[in-house]
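Reader: I have a structure open and have not looked at it before. Can you walk me through it?

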Amino acid sequence: MSNVVVLDNGGGFIKAGQGGERNPAVVIPNCLYRPLTSKKFLHPTTTFSSSPDDLTSAAIRRPIDRGYLINPDLQRDIWSHLFTSLLHVTPSSSSILLTEPLFSLPSIQRSTDELVFEDFGFSSLVVADSPSLVHLYETSCRPCGLVSEAQCSLVVDCGFSFTQAAPVFQNITLNYGVKRIDLGGKALTNYLKELVSYRAINVMDETLLMDDVKEKLCFVSLDVERDLQFARKHGKDNLFRCTYVLPDGVTHTKGYVKDPEAAKRHLALTDGASPSEAIETKNETDQLGVMDKTAERKRVDLTKNEFDLTNERFLVPEMIFQPADLGMNEAGLAECIVRAVNACHPYLHPVLYQSIILTGGSTLFPRFVERLEKDLRPLVPDDYQVNITTQEECVARGFTSSIQS
């Protein structure tokens, strides 16, 4: 029997592995990059965060834009490196399960077929969409849960290129109910670059570096007006101020957070807490680790190039929930979910609200679930329950375990 290659070809990362495996064997950025020290574009063999290369001001070429394949030649180059050097598979004796975004144009589908059959020579191809695979993974993980019993769920995918809410019924995505927001991880990184460049230092060419800043320091605010007041404070009263040290290319090639414990002080804030209560909680937390923080500061070279972040930490993820406040003609995530549910049959509404599944890298921000539930609850009828399930693991982990080679 031929082998099955499972390939989640995302706009940000590729997750690939063999059918029957629990976890993806390879997770690499779906791009080529060229460091300043090189004259040609290179293949990423690991994620950028674990790469030993100095990727400061590295140029990036991506084959996918807004979720759709726009450069088949570049994608062929990346896949060739993936199959030959990383997965070590023989396409002619293998089948492939490939993810494809919803509503892909026929011309893009033909380009994908040409890559699979003409360029690599796979014996067979199965194309699937991410929402149905996420639903399948959820039913396999919780066979006695509501999703398995009702065979219905609402998959909210906040990915690299876009965010979409897709209702799934009996493992089939209901295309007429899918609602999409053209906001994803790429847009959040670009917005963070603009804020930091305007207020501190020019980082418009530091895409990879600002991706790391976003992943390590950004979080979702439960009360934006209150947090903006905290962000205006000075000294230790500012719970959000933290420092990110830029790489110097000599002693360290990766940026890092100067005081990781100070960067977590915002976790002392609870929903509805007054400023005075938050400060008291913060002081108690600070006293527990004051010795460790002092020792950490002594080890840090203060001559390094660095910049401070305050309200940028929660204003960037705020784009997903309130894009209109930032001048974007897009609906917020909660409104997008309501529109997707209302597009379905009324009998499905209570089940969909009770079976919301979150997936995608942008859902990993701290307190994302709490904020979404807070925004969604006033828009949902009182007699409907709202239940949100998260999937912190990659989508690939779901469908690799469901495919038997």
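**Helix α13 and the cores**

Author: The buried residues of α13 are L333, A334, C336, I337, V338, A340 and V341. Keep in mind that this is a predicted model.

Reader: How many residues of α13 is that out of the whole helix, and what follows from it?

Author: It is 7 of the 10 residues, so α13 is largely enclosed by the rest of the structure.

Reader: Which residues touch the most other members of the largest nonpolar core?

Author: L333, I337, I356 and F368 do, in a core of 51 residues. Helix α13, residues 333–342, supplies the largest share of this core, 7 residues.

Reader: Which domains does this core draw at least three residues from?

Author: Domain 2 (136–182 + 330–390) and domain 3 (185–269 + 302–321) each give at least three residues to this core.

Reader: What is L333 in contact with?

Author: Setting aside neighbours within four places in sequence, L333 contacts V156, C158, T163, I181, I320, F321, F368 and L372.

Reader: What other core lies apart from that one?

Author: Another core, of 25 residues, lies apart from it, and its members include I14, W79, L98 and F122.

Reader: New topic: I96. Where does it lie, and is it buried or exposed?

Author: I96 is in strand β8, residues 94–99. Its relative accessibility is 2%, and the cut-off for buried is under 20%, so I96 counts as buried.

Reader: What does I96 touch?

Author: Not counting residues up to four places away in sequence, I96 touches V5, L7, F83, V116, F122, S124, L125 and V126.

Reader: And how far apart are I96 and Q18?

Author: They are 78 residues apart in sequence, and their C-alpha atoms are 9.2 Å apart in space.

Reader: Now α5 and α6. At what angle do they pack?

Author: Helix α5 (residues 185–199) and helix α6 (residues 207–217) pack at about 100°, with axes 9 Å apart. An angle of 65 to 115 degrees counts as roughly perpendicular, and α5 and α6 are therefore roughly perpendicular to each other.

Reader: Which residues meet there?

Author: From α5 there are G185, L188, T189, L192, K193 and V196, which meet T207, M210, D211, V213 and K214 of α6. By class, this contact has 5 nonpolar, 3 polar and 3 charged residues.

Reader: Last one, for the overall picture. How many helices and strands does the protein have, and what percentage of its residues count as buried?

Author: There are 16 helices and 18 strands. Of the 405 residues, 51% count as buried. Among contacts with a separation of 6 or more, 67% are between residues 24 or more positions apart.

Note on methods:
Residues numbered from 1 in each chain as written. Predicted model: local features only at pLDDT ≥ 70, side-chain atom pairs only at ≥ 80, totals over all residues. Heavy atoms only, no water. Axes fitted to C-alpha atoms, helices over the stretch in contact; angles between N-to-C directions. Helix = DSSP H or I, 4+ residues; strand = E, 2+ residues; numbered from the N terminus. Parallel < 35°, antiparallel > 145°, perpendicular 65-115°, else oblique. Contact = heavy atoms within 4.5 Å. Nonpolar A, V, L, I, M, F, W, Y, C, P; charged D, E, K, R; others polar. Buried < 20%, exposed > 50% of the residue type's maximum accessible area, 1.4 Å probe, protein only. Core = buried A, V, L, I, M, F, W, Y, C linked by side-chain atoms within 4.5 Å. Domains from an automatic or database assignment.
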